[in-house]
Each structure stands twice: as C-alpha cells, then as structure tokens.
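Dear colleague,

Please find the structure below, followed by some notes on what was found in it.

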Amino acid sequence: MTVRVRFAPSPTGFLHIGGARTALFNWLFARRVGGAFILRIEDTDEVRSTPESVSAITRGLKWLGLHWDEGPAVDEQGNILESKVLGEKGPYFQMERIHIYKKHADQLLQDGKAYPCYCSPEELEAMRTRAMLAKRPPKYDGRCRELTDSKRKELESAGRKPVVRFKTPMSGETRFQDIVRGDVRFENALLDDFVLLKTSGVPTYQFAVVIDDYLMEITHVVRGDDHLSNTPRQILIDEALGWGEFVKNLKFAHLSMILGPDGTRLSKRHGATSVEEYRKNGYLPEAMVNYLSLLGWSTEDSQQIFAGEELIQKFSLERCGKSAAIFDPQKLLWMNGEYIRKIGVPDLTQRSLPFLKEAGLTPETSLPKERLDFVQSCVGLEQEKIKLLTDVPNLLDFLLLDDFKMDEKSVDKVLKVPGAIGLLMDVAKRIEQITDFTAAPIEQLCRAYATEKNIKTGQVFHPLRVATSGRAQGPSLFHYLEVLGKERVLARMKKVCNQLSVH
RNA sequence: GCGCCCGUCGACUAGCGGUUAGGUCACGGCCCUUUCAAGGCCGUAACACGGGUUCGACCCCCGUCGGGCGCGCCA
C-alpha cells in the first residue's frame, strides 16, 4: 500500500514555523518512501478563515520547496486556481465538502451513535464555569443524550437549532500506537460528548479530520503533539462509522512542539514566526529547511548539514524525538551563512538581485551581461561574509556606486593624518604605470613601496582601502581593487586627495 | 481542577546497562591575516531531584518537582 500523508493547515494566518516543520516532516517522509503528500485546507473556522491565508500558506510551502501532489492548485503568488485541482480525492477545501460530513453525521444519528443537542452557548458556558468552580473537569454533562422525541420537537418549535454531538462511550479505553510516542492510551470516561456538527451544519475539526483522512486514504497522520489528546476522539469516531479496520492500520506520529526561546509557545513576541518573514529577511529556503529538519529529528551521528537529497534519504519518523525543541534564531543564522557560502556565486547573485534592487543599487533584477558579470564579481568578493541576503546591499554599495558615503571615523583616523595624502598620491602615480591591473601586481607594488619608504605594509594598505571604499572594513583589498578596475580606483584616489588637500 | 506528554551542556541533539557522556550553534582563548569575515586548533559547559532494580545506571521501575498540551458550536 502506498503511503499517503497530508498537511492540513487552517487558513487563519501565515505559515508558521511550527506548521512549516510539520509540513516538512510530512513531505520528507512522503518523498523518502515514494508516497503522496497532500495539502488539505481545513477552513471550517467560519469567522477566521481567509483566502489570503491560503495564499500565504501555499506561497510559504512553495518557497520552501514543499510541493504537494494533491490539493489546491495555486499560482506563484498563491492565488487559487479554481479550475485546476491536483489529485482525485478532492475537493481539498473542507468547506466544499460540507455535504459529505452531513451524510456521515446523519448516519451516526441514525445508528444512535450521535444525537442532537439543543443547549445554547450560554447554557454551556454556565455549565462549564459551574464545573470549574466545583473543581470538576469542564465537560459537557450529556443532558441532551436521552431527550425524548417530543421534547426534541418542543425545542425545535421553540426555535432552537441543534448541534450534533458524538455519543462517547462511557467506559473502556482507547489506545493506539504512535511512531514517536509508542503505546498511548486514554480512558473513554474522561472524554465528553463533543460536537460533530455545529448549528451552522459545518463540521468541527475533530469530525472533518476523521472523514477526510478516511476518504483521502491517508496512511500516516504526522502532526504536532498538541493533537495527541485529540486522537482518541478521532479513533472513536472512526470506530462508530465502521472504519475500525482503517483506523487500526492508520499510523500516527505526533511530533514534539517548537517553543520560543523562553520555553513557551512560539508567538509574535519571539520575533519572526512566519516563514514569509524569513524570506523577506534574506534567509535561503534550503537553510530554513535544513534548520527546521533538526528541530525534533536527528541522525545517529548528529549530522548538521545535509546536501541536496541527503535529507530525504536519511529522514525517518522513527528517529523523531519526543521532547519539545526551542527555536534558536542564532543557529538558523549560522546555517544560512553556511548555505550562502556553499552555493555558487552566480546563484547567490541571482538571489541577491531582488535585495539589491530594493536598496536601489540596481535598477532591475535582470541586468545586461556586462553589468551582471561585474555584480557577480562583487558578490564573489564578499560571499564568505554574507549571512543574510539582506546583508548584500550594505556590503556591496561602495563597489556598485561611485558616490558612496565615506565613513567619517575611518577618514579621520586613516586619511586625515600627516603624510597620508602624499602617500596616496605617490601610490596613485605608481598604479598608473601598471599594465596588468590584477591583485598580485597591485599588492606587489604596495609592498615594494612600503619597503622602499621603510614603513609597515599596513600604513599603505589602510589609506588605500579607506580612500577607495570609504571604510576601514571590506573585502580583500587587492581583489576588490582589481574588480573595480584601474580607472575607477585612480579616480577615487584622486578625488580623495583633492578633497582632503584643500582643507 | 482532571488527563496526557516531555525532562542530557545556555540552545539543537547523540546515547539505547559498563563511554574520559560525543557532535553542532553560542561563548572564551590561540593560530592564520592589510581590515572584517571565513577557516584551523584548544577550552568552559549537561544526564532536574529522591528512592528503588542491578555487580553496575543517562539508559529500566516508582515518586517529587519543572515545562508543554488537551478538556471550545477554534483548529
């Protein structure tokens, strides 16, 4: 039997770090075993679901490279393409499946395994607070379970609209095998008669999930362990529907949670929590995926970096951990740097272009060949220093622009000192003589000059750097001079000499 | 309140009865070096606590404490 897994987000916000990790593990598992990865939109929250969220979530998944085999079809911006649906088991939006849930709820009603409940939200709230005050579990007390037909009619005619509640067995236990937790068991008596269908006829999460997992022939439920205690309810529904065999074969894998640095649930106050923010902040999807994979999963040798398909080859549900993991932005940042250093310069340049454009350093994200070659050379100079794509503009502005700003402190310290201008003028004269304007000869020239004047090499290098870049820190001096070219280097040196010798 | 899950360096983790408790991030030092990085080497740093079981426990059992999750006409 082929493996079928699903990622089933509710579209009430962006793709969250936690959701992304769940999606990733499902995807990795599916890819590993050649199974299908299904995207199902659980939009039964009538007030909070939005189409924008669907777009944001699908955009996030696509950016991470987590492509689904079945589910809604979307374009690059995450717009839903109504006419194209991937897969045969749809629709993949739960709100388009209302009739299906209704049918199964009717069956349970008919079989006496569910019943209509006419309690109002106010009554339920009162029931709950009363229970809490008495230090009892805040459960529904089952008062509508044994309503007579006449009583039901009476309530209906009084205008009450019922919900459908599940008749939870009052004894026995429900147990299941979880790939990461092992043998898990819950006493049925602890559960109450939960809602299957809301007054509106829309199913609750618990109900919809069971129906869909069955009809979509899901084989493995891989999700966050916040769903662990929901699992017995879902198994009970399966059994009531006569799907005992299906649920017996259904494998569960409840993944540990991802927490914020303070050990509490990851939320906005912990900084960026949506995948899209990370894209905007200059992270590479590969780095994100690699980092996320290590949150709750590891190899026997604690491998950190996985190249290409390696992650897929090595991933397994069995090696997922049980304990919650704290999201560490610092390690993610390190990993992003690792990936940036690893990808090729042309690739890195392409990915940097949108950020350069945004900073106004290039007019477009597609450049004429000559300019692109130049930008690539510049990117190559700073590659090892880039941690985020958003670093690129700041690192390269003095190379891409001729009227870059001079750092006052560096100018004061290195150029506005006795002899600096004279030295620069000397060096400029010699540079003019160079025919082969590449790093090695320029360096040779500077070293020779230092020896000749009996000064330290640094006394030549530093003024040269500040004069041509406006700053004290930057790429390897002679390499960037080479990239800049003789003409520009001399122009910059002369400009500085003119400006400073006037004063 | 009830129930479930979890508990190894600050963080992610390896470990699966006998290890100098390993790796990675971060941190500190040294080296390399025109700067900043990158890289190399070294170092600081952990089995939550208390009982058992055992010749021997990070590992198995019980309890305590701590954290997380669930108990919605939210998902």
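The buried residues of helix H3 pack against strand S5 (114-117), strand S9 (195-197), helix H6 (205-215) and helix H7 (231-240), where contact requires C-beta atoms, placed from the backbone, to lie within 7 Å. This is a predicted model, in which local features need pLDDT of at least 70 and side-chain atom pairs count only at pLDDT 80 or more, while totals for chains, interfaces and linings use all residues. Residues are numbered from 1 along each chain as its sequence is written, and chains are lettered from A and ligands numbered from 1 in the order in which they are written. Helices (H or I, at least four residues) and strands (E, at least two) are DSSP runs, numbered from the N terminus.

The buried residues of H3 are Tyr101, His104 and Leu108, buried meaning that 20 or more other C-beta atoms lie within 10 Å of a residue's own, and exposed that 12 or fewer do, with partly exposed in between. They cover an arc of only 70° around the axis (taken from the directions from the helix axis to the C-beta atoms), which puts them on the same side of H3. The face of H3 turned away from that buried side carries the exposed residues His99, Lys103 and Gln110. Just after H3, glycine 112 takes a positive phi of about 70°.

Turning to the RNA, Ser10, Glu42, Tyr205, Ser323 and Ala325 come nearest of the 64 residues around RNA strand B, a residue being near if its C-beta atom, placed from the backbone, lies within 6 Å of the strand. H19 gives the most to this surface, with 4 residues.

Best wishes

Terms used. Contact = placed C-beta atoms within 7 Å.
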